[in-house]
Amino acid sequence: AGFDFLAEVCVNPFGKQDVFIGLSGNYNITSASAEGNFTYGGNTLSIADLELRQHCFAAELYVKKTFAANNFMFAGIAGNFVVQSMDGTVNGLVDLSYKADTKKFYMPIGVEMFF
């Protein structure tokens, strides 16, 4: 199961109708659970209390300029942060445990064109 939320705000602090500053944010959570017997490669594995969680956060700050009616050029700074965890056991002998976080930063530059 997962949930995804996105919000975007665009303001005009320059007093012109063709230059905007925008801020967008995103949050996504994914959750999964498993328990039971599974066959893999001819072997039966018993999985108990397997829980997976993933939280994703993202944000972007950008400047957008209008050209030729409703077309836009934009440039910004963006980043995302992901936190993942997994816990469970296999055949009552192997303990699965995994925790990680990932950070990425990038600069989106592009053109939006409407026809």
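## Counting the salt bridges

How many salt bridges does the count come to? It comes to 4, where a salt bridge is a side-chain nitrogen of Lys or Arg within 4 Å of a carboxyl oxygen of Asp or Glu.

A quick note on the ground rules: this is a predicted model, in which local features need pLDDT of at least 70 and side-chain atom pairs count only at pLDDT 80 or more, while totals for chains, interfaces and linings use all residues. Residues are numbered from 1 along each chain as its sequence is written, and side-chain values use heavy atoms, with hydrogens and water left out.

Take Lys65 and Asp18, whose side chains form a salt bridge at 2.8 Å, N to O. Lys65 sits in strand β3 (residues 43–67), while Asp18 is in the loop between β1 (2–11) and β2 (19–40), 47 residues apart. Strands here are DSSP runs of E, at least two residues, numbered from the N terminus. Lys65 is partly exposed at 34% relative accessible area, and so is Asp18, at 24%; that label covers values between buried (under 20%) and exposed (over 50%), using a 1.4 Å probe and protein chains only.

Then there's Lys64 with Glu112, a salt bridge at 3.7 Å, N to O. Lys64 belongs to strand β3 and Glu112 to strand β6 (residues 109–112), so this pair ties together parts 48 residues apart in sequence. Lys64 is buried, at 11% relative accessible area, whereas Glu112 is partly exposed at 28%.

## Arg53 and Glu51

Arg53 also pairs up with Glu51 in a salt bridge, their closest N and O atoms lying 2.8 Å apart. Arg53 is partly exposed, with 30% relative accessible area, and Glu51 is partly exposed at 29%.

Note on methods. Helix = DSSP H or I, 4+ residues; strand = E, 2+ residues; numbered from the N terminus.
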